[in-house]
Structure formats: structure tokens, C-alpha cells
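The sequence and structure come before the description.

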Amino acid sequence: MKKLPISELNAFFARVAADQKLYLPVEQAGQVDFGCWTEDATVRLDALKTVKSAKGAFFPQVEDMLRFHTQGKNIDIQPTELMNEKFVIFGVRACDARAFELLDRVFMSEPQDPFYAARREHGTVVTLACGEPEASCFCTNFDIDPADPAGDVTAWLVGENYVLRANTEKGEALIADLADSDDDVSAKQAEIRAIAEKLPFANLNLNGFDGEHLMERFSDPKWAELSRACLGCGTCTFVCPTCQCYDIRDYDTGHGVQRYRCWDSCMYSDFTLMAHGTNRPTQVERFRQRFMHKLVYFPSNNEGIYGCVGCGRCVDKCPQSLNIVKVIKALGVKADD
Amino acid sequence: MTNGNIIPMLGVVTDIRTDTPDIKTFRVEALNGGKCFEHMPGQCAMLSIPGVGEAMFSITSSPTLKEYQEFSIKKCGCLTEWLHQMDVGQQVTIRGPYGKPFPVETELKGKDLLFIAGGVGLAPLHSVINYVLDKRENYGKVDIVYGSRSKDDLLDINEIQNSWMDPKNNLDVHLTIDRPQDGWDGHVAFVPTYVKELGFDPNKTVLVCGPPIMIKFVLQALTELGFEKTQIYTTMELRMKCGVGKCGRCNIGDKYVCKDGPVFRFDELGVLPSEY
């Protein structure tokens, strides 16, 4: 274990940022999101949840893929260089850290996504145990421990010090120059777990959400009622740490064509639209797709691991108060059914 | 044999054939000649014109053709309109092949084959049919039922009449159009009705492709004739962006059409939500 007094935090950040980019929760225009550390950034490690998740560190909202130049009938392709600089993302919570593992299952499985893989290779993740999980949190349903998050380094705030534990070689290198500590974090962990246990959504019934019951969950008549208020705004998708659907589009820069990919949402009416129509014509099918993917299709392809990490951002942000918790409660079946 | 690369290569259009009022067939070669990559019948490729769009098309030519690949493309959207206006010599970007092919070297081998196609649905089966004809000794009796709206909409009609129908191929082609037309003395009926009228022996293995409504009624007709779902294959079309099972667009149930399909057997489709 290593120790970093709060008073020396900024000096540590300055040392890290001297030779690589450092991303951490910063406040800008009244909201906290992961941003680049600078000396005058308003760092907000106390904020439990950033508005958008940490997924942008490895799967940016917009990412260039290629550039084209066309001349008459000829085309010239210039591939975009892959990420080749080290960076650190500091202050990732347990839910977002698990989400990286879920994104890995998509982007690192064959055929590996070169853009994501390069970012993953160059990034070092420092997680931060949750000080005080809040009412919309429900990560414990997915076997996530908010008191012991994954990552290359795990940090706890104990009194006036951050206590840090390296979990990988990358992590060890990052905190090697900090003072050793014999602090025990178990009391702090017990405190966090005690809070998490008592949260309102701590004991969701996930029985029946699996590949075996795929058609039963899909055919449930409750989808129509559940989705009735959905505006199709896609906010849930954009704040979600595990949503990974993307679009590929071209932009005419005036000097060529930039091909980029960007986050997209299965909640949008044009997501599956083709020249001859769409296979999900109403919001009922689109709403169902998003939740079926996280609760049934993803686990069916990934040894039962759910595509939700219980961060609660959709609970906090949906303008119509729709969310995955409501879906789980409405469609869940009793253990003896 | 699929390609995981989402970065395209360049190809050049070396021939354009007008098949019907809204279908053209484009021949694509690598810039230094030859095929851009090898493929198997039923696999697809992403074609793109920078700044216009990129979309998935089935590779229409058989892999036994060594010099080039062909794509029969119907004009129906932004990119396809553009493709229909281009001239020979135009460069395009191409990536692939993607998806699971028809099991021509395994499950289809030694079988009597029945191909059923409607309209531009012949395009993906065209690759399989020519593959089978080039390796004729590996397959049993071959029947093709092909229909379209009118005689002018029949794709590959010259090839069908001059090459496929050659007696040495031991192959029967059953053409039909939707409604009577001057200058057509062939059969008039919708494809599913014609399939029922022809009353095929239910020992055959079937490959069907066409508009969703046609596929639905063909399946009913085949069931009435005694065919099992395990004997029937189709190939699907959904919107795709990446081609490698990551962008999420072609997801149906726990499958991705781009990598788990586009070729499915009907018993595999039966356990999936009918969102296609």
C-alpha cells in the first residue's frame, strides 16, 4: 500500500501530468465529467458520479477512423494513427471500472477493434472506492464491490489521506514514488458496504433474465406499457457506461472526407432504418431492444454476465423516469416460477 | 474465412452491366488487377463512396471466378443511387468478406438443391448457383424457382437462359412473373404459389432469398409440402455499420447478422425474436 495526503494530491497530479495526459473528474459549467487535468482545473474527486461515464477514455464519443481525398474517379485513403501515448484516468468508480471489462468483451474479442485496443494498451486506470454510494446506485446486484473496485490502482480516501494499492505492473509504476503505508482500509470498506447494503435497489430480482428465457422475456406483453412514456431521446444510452453501439459517418471537411465513428443509440428511430424500412418500427421495439440486450442477449453471449453495472445514471437522468430498475422489477419472475 | 479489418482497401469498377430498370451489376477488381480478397458463397462486403455512404452488399459472383468479384445492386437509397450513376474506372472502397457463407462444402454437399428467389433476392444465391455448377459432381439435382414483378425485372436472364439452362448442367429453372404481360408466355404466379404448384419432393435442401413477405409465404408453402425447417436456408439483410459484430446495429436476439449470419437455417431463426 502507498499513501498520498490530500495536501500533496495536486503535486502528484502535476508529476503524473508532466509526461502523460491525466484525465479525472473536473467541474465545468456546473457539471462534473472526466476531463484533462490542468493546474487551474476544478478537480472533483468527491463527486460520486460524473454525468457521462468514464467509457469515453477508451471509446470516445467521436473518433476519427480514416481520411479520404478524391480526385475525379480516384480515391486516396489515409488511415488515422492509433493512440500511441500513455495516459492515466484517475478516480474511476467501481461501476465504470466493471464497464471497461464489459467493453473489453465487445471490442477486444476477435476481431479486435484496433482503436479501442490501442487506447486500452496505453491507458492506466486508477479507481476510487465510493465514499458514500447513493440512492440510485445498485452495483451490488451485479457482484460489484463499491469498496474494492478493480483497475490498475485502487484508491481509498481514509481520513486525510488517499491509500493506494497497485493491482498491476502498470499501476505499480504509476505510484512507485509515493510513500509506503501500513494503513488498513478494511474499516473504511466495511463502512461503504454497510451503506450499499441498505440502498433501496440493493436487492433486485434478476431471476429469469438469461438466454434460456430469451423468448419469454421478449414476448412479455408489459413492454408496451413500460415503454409508453419513452421519448426516444437517447439520454440513457449516452450516460450509460456499457452502451457501445456506434455509427460510422462521413464529414466533408472542405479538403477531403473525414470518416469517423460516434456513439449511437438503439433508442433512435433511424438506428435500423434501411431503404426498404425498419425492423423496429415503434418505440416499443426500440425500448425493448436496449433492455433485452443488457439483461438477456449480452449475458447469453457472456457466461451470464449482465450488460449493466448498476451505476444508476439512467435512473438519475431519464427525463421520463424510465430506467433499467423499473424494467427489472416489472419483468422479473419469482424464483419458484 | 472472414476479415476482421474495419479499414477498407481500394477497388476499381471495371465493368457495369444494366440488368433491369433498377438493378445493375458492378465488376470490382483490386487496383493492380485480380480480386480484392477471396470469399465463399453467401458472404458480403462493405462498399463505399467516401462522402456518400457505406453499405453491406452480398457478393454476387462465385468464388470460382478468379479474376474479379461482382455485385448486383438495386437502386433504392442514397448510396445505391450514386453507384448507379458511376462510370467504369470509378474507384470504390471495399472491405470484407464478412459473415458466414452457405455451407456449400459441408451440409449442402451431395444434396438435391432447390433455390427459390424473388427479385433482387437472386443476387446472393447467384454466387451459390455458379459455385454448384462449377463443382457440379458434388451436388445432386438442382432446381431453381425464380420470380419477379415483370419479365423486365428478371435479374441475370441472359445467363439463366444461355448458361444455367444448358442441358449439360442437369438443372431445371422455373421462371414466373407476378402478373400477365405482353411478350411473356411463361408462368404467371407469385413465387410461393408456384412453389406449391410445382410440388417439390421434400427431400431437397432449400436456399431461399427475396422480400420478407415472399420468404414468409414460401416457408408456409414448403411446410405444406412436408419440408422441415432444418432443410431450409436463407440469407438476411439488416442495417450494418461495422461488419464485425460490434456496432450493435444488426443485433437480433443474441445473434449479430453480420457475423453469425447473414446465412441462417430456419430452425436457428425460429429461436430468435422475429425482428427482421
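The model is predicted: local features need pLDDT of at least 70, side-chain atom pairs count only at pLDDT 80 or more, and totals for chains, interfaces and linings use all residues. Residues are numbered from 1 along each chain as its sequence is written, and chains are lettered from A and ligands numbered from 1 in the order in which they are written.

Chain B contains seven helices and 15 strands, where helices (H or I, at least four residues) and strands (E, at least two) are DSSP runs numbered from the N terminus. Its radius of gyration is 18 Å, close to the 19 Å that the globule rule gives for 276 residues, so chain B is as compact as a globular protein of that length; the radius is taken over C-alpha atoms, and the rule is 2.2 Å times the number of residues to the power 0.38. Along the principal axes, the C-alpha atoms of chain B fill a box of roughly 50 × 45 × 35 Å.

Of the 276 residues in chain B, 53% are buried; a residue is buried if 20 or more other C-beta atoms lie within 10 Å of its own, exposed if 12 or fewer, and partly exposed in between, with C-beta atoms placed from the backbone. Two residues are in contact if their C-beta atoms, placed in that way, lie within 7 Å. Among contacts in chain B between residues at least 6 apart in sequence, 72% join residues at least 24 apart.

Towards the other chain, 27 residues of chain B are in contact with 38 residues of chain A. The chain B side of this contact has 10 nonpolar, 10 polar and seven charged residues; Ala, Val, Leu, Ile, Met, Phe, Trp, Tyr, Cys and Pro count as nonpolar, Asp, Glu, Lys and Arg as charged, and the others, Gly among them, as polar.

The largest nonpolar core has 161 residues, and those with the most contacts inside it include A:I89, A:A155, B:F115 and B:I116. Such a core is a set of buried Ala, Val, Leu, Ile, Met, Phe, Trp, Tyr and Cys residues joined through C-beta atoms within 7 Å. Helix 2 (residues 94–107) of chain A gives the most to this core, with nine residues. Leaving aside neighbours within four places in sequence, B:I116 is in contact with B:V145, B:V191, B:V195, B:V206, B:V208 and B:V218.

## Domains

The bounds in the table come from an automatic or database domain assignment.

| Chain | Domain 1 | Domain 2 | Distance between C-alpha centres |
|---|---|---|---|
| Chain A | 2–197 | 211–331 | 24 Å |
| Chain B | 9–98 | 113–235 | 24 Å |

In chain A, the contact takes 31 residues from domain 1 and 26 residues from domain 2. Strand 4 (62–71) and helix 2 of chain A are the elements that give two or more residues to the domain 1 side, and by class that side has 17 nonpolar, five polar and nine charged residues.

In chain B, the contact takes 15 residues from domain 1 and 14 residues from domain 2. Strand 1 (9–20) and strand 5 (69–74) of chain B each supply at least two residues of the domain 1 side, whose residues divide into five nonpolar, eight polar and two charged.

## Helix 3 of chain A

The buried residues of helix 3 (residues 114–122) of chain A are A:F115, A:Y116, A:R119 and A:R120. Seen down the helix axis, these residues fall within an arc of 130 degrees, so they line one face of the helix; the arc is that of the directions from the helix axis to the C-beta atoms. What covers them includes strand 4, helix 2 and strand 7 of chain A.

## Local backbone features

Most residues other than glycine have a negative phi, and most peptide bonds are trans. A cis peptide bond joins A:E110 and A:P111, with omega about -5 degrees, and A:P111 lies in the loop between helix 2 and helix 3 of chain A. Another cis peptide bond joins B:G261 and B:P262, with omega about 5 degrees.

A:E303, although not a glycine, has a positive phi of about 50 degrees, and A:E303 is exposed, with 7 other C-beta atoms within 10 Å. B:N170 is likewise not a glycine and has a positive phi of about 50 degrees; with 12 C-beta neighbours inside 10 Å, B:N170 counts as exposed.
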